[in-house]
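Here is my note on your model. Please keep the structure open while you read.

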Amino acid sequence: MGNKPEWIIADLAICALGGVMVAVNTWVATRELRHILAHSDSVLLITTGRFLKYDYFSMLEELEPLAQSLPALRRVIHLGHRAYHDSLSFEQVRERGRIADHTALERACAAIEPNDIAYLLYTSGSTSTPKGVQLQHYTLIENMWHIGERMHVSEHDRLWLAVSLFWGLGCENALFNLMTHGGCVVCRKALSPARPCASSEMSAAR
C-alpha cells in the first residue's frame with residue numbers, strides 16, 4: 001500500500017508482538033513478490049488490492065494455488081473494500097484485537113530481546129534477486145534516536161514523508177527518528193510532483 005496510517009499501525013503491531021516486519025516494494029513484479037514472500041517465510045500478507053498501476057490481487061492469482069507457491073503464507077489481510085478470496089479486512093482484525101487476550105499480548109511483548117530481528121527489508125532487485133537485510137530491535141531504535149539527536153529533532157517537529165515507507169529511509173531513518181523524539185510524521189499516499197498536494201491525500205502519525 002502507499003503511505004497510510006495502517007502501514008505504520010501494522011508495522012508497529014508486528015514488531016511489538018515479536019514478529020518480523022517484511023516491507024514489500026510497491027513497484028514489485030509478480031516474480032519478485034513470490035521471491036520475497038517465499039524467501040522471508042512470511043505467514044501473513046497485508047495489502048491493498050491496487051496501488052497506482054499495480055494490481056496485487058492479480059499477482060496473487062498468478063501464484064495460485066498459494067498453498068504450493070507460498071506454503072508458509074496462512075492469511076491475507078486486505079485494506080479497502082475489495083477482498084481477496086477469504087481474506088480478512090483490516091477493520092475485522094481491529095475488531096478482533098478488542099477481544100484479544102491481553103495477557104498473552106503482554107507476554108509476547110515481554111519476550112522480545114534487544115537482538116531479536118524486527119525488520120527484514122529487501123533491496124530493490126534492480127541488478128539481481130532482491131536480498132534481505134535484517135535489522136534488530138535495539139539497533140533500529142538506538143541508531144535512529146542518534147540520527148534525531150544529531151538533527152535536533154523534538155516533539156514540535158513535523159516531517160512530511162513523501163518517500164515510500166517500504167524503503168529504509170522511510171520506515172527506519174524517518175519513522176523511528178521522529179517517533180523516538182515525539183515528533184509527527186505526515187504521510188503522503190503517493191507523490192505526484194505535477195499535481196498540488198491536497199490535505200485529503202495526507203495523514204499524520206505521532
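This is a predicted model: local features need pLDDT of at least 70, side-chain atom pairs count only at pLDDT 80 or more; totals for chains, interfaces and linings use all residues.

The points below go from a sheet to its helices, then to one residue and a cavity.

1. Three strands form an open sheet in the order 1-7-8, and their pairing is mixed. Strand 1 (21-23) and strand 8 (132-136) are the edge strands, each pairing on one side only. On average, neighbouring strands of this sheet are turned by 20° against each other, direction ignored. As background, strands of a sheet pair through backbone hydrogen bonds, either parallel or antiparallel.

2. In which sense do strand 1 and strand 7 pair? They pair in the parallel sense, over three bridges. Strand 7 covers residues 117-122. Look there for Leu-121, the bridge partner of Ala-23.

3. Helices across the sheet. Helix 7 (residues 137-150) lies across strand 7 and strand 8. Its direction is at about 80° to strand 8. Helix 8 lies across strand 1, strand 7 and strand 8. Helix 8 runs at about 140° to strand 7.

4. Cover on helix 8. Is helix 8 mostly covered or mostly open? Helix 8 is mostly covered, with nine of its twelve residues buried. Among them are Gly-168, Gly-170, Cys-171 and Glu-172. Further along, Ala-174, Leu-175 and Phe-176 are buried too.

5. Asn-177. This residue sits in helix 8 (residues 168-179). Why does Asn-177 count as buried? Its relative accessible area is 3%, and buried means under 20%. So Asn-177 falls within the buried class. Leaving aside residues up to four places away in sequence, Asn-177 touches Met-144, Ile-147, Gly-148, Met-151, Val-153 and Glu-172.

6. The cavity. Rolling a probe the size of a water molecule over the atoms shows where empty space is left. How many cavities of 30 Å³ or more are there? The count comes to one. The largest cavity has a volume of about 90 Å³.

7. Its lining. Which residues line the largest cavity? They include Ala-23, Val-24, Asn-25, Val-28, Glu-32 and Ile-36. Tyr-122, Thr-123, Ser-124, Pro-130, Phe-166 and Trp-167 also line the largest cavity. By type, the lining divides into eight nonpolar residues, three polar and one charged. Ala-23 links this point to the sheet: it lines the cavity, and its bridge partner in strand 7 is Leu-121.

How values were computed: Residues are numbered from 1 along each chain as its sequence is written. Side-chain values use heavy atoms; hydrogens and water are left out. Helices (H or I, at least four residues) and strands (E, at least two) are DSSP runs, numbered from the N terminus. Buried means under 20% relative accessible area, exposed over 50%, partly exposed in between (1.4 Å probe, protein chains only). Contact means heavy atoms within 4.5 Å. On a 1 Å grid over the protein atoms alone, a cavity is a set of points where a 1.4 Å probe fits but cannot get out, and a pocket is an open set with protein on both sides within 12 Å along at least five of seven lines; lining residues have an atom within 4 Å of a point. Grid points are joined across faces, edges and corners, and a volume is the space filled by probe spheres set on the points. Ala, Val, Leu, Ile, Met, Phe, Trp, Tyr, Cys and Pro count as nonpolar, Asp, Glu, Lys and Arg as charged, and the others, Gly among them, as polar. Two strands pair if DSSP finds at least two bridges between them. Axes are lines fitted to C-alpha atoms, for helices over the stretch in contact, and angles run from 0 to 180 degrees between N-to-C directions.
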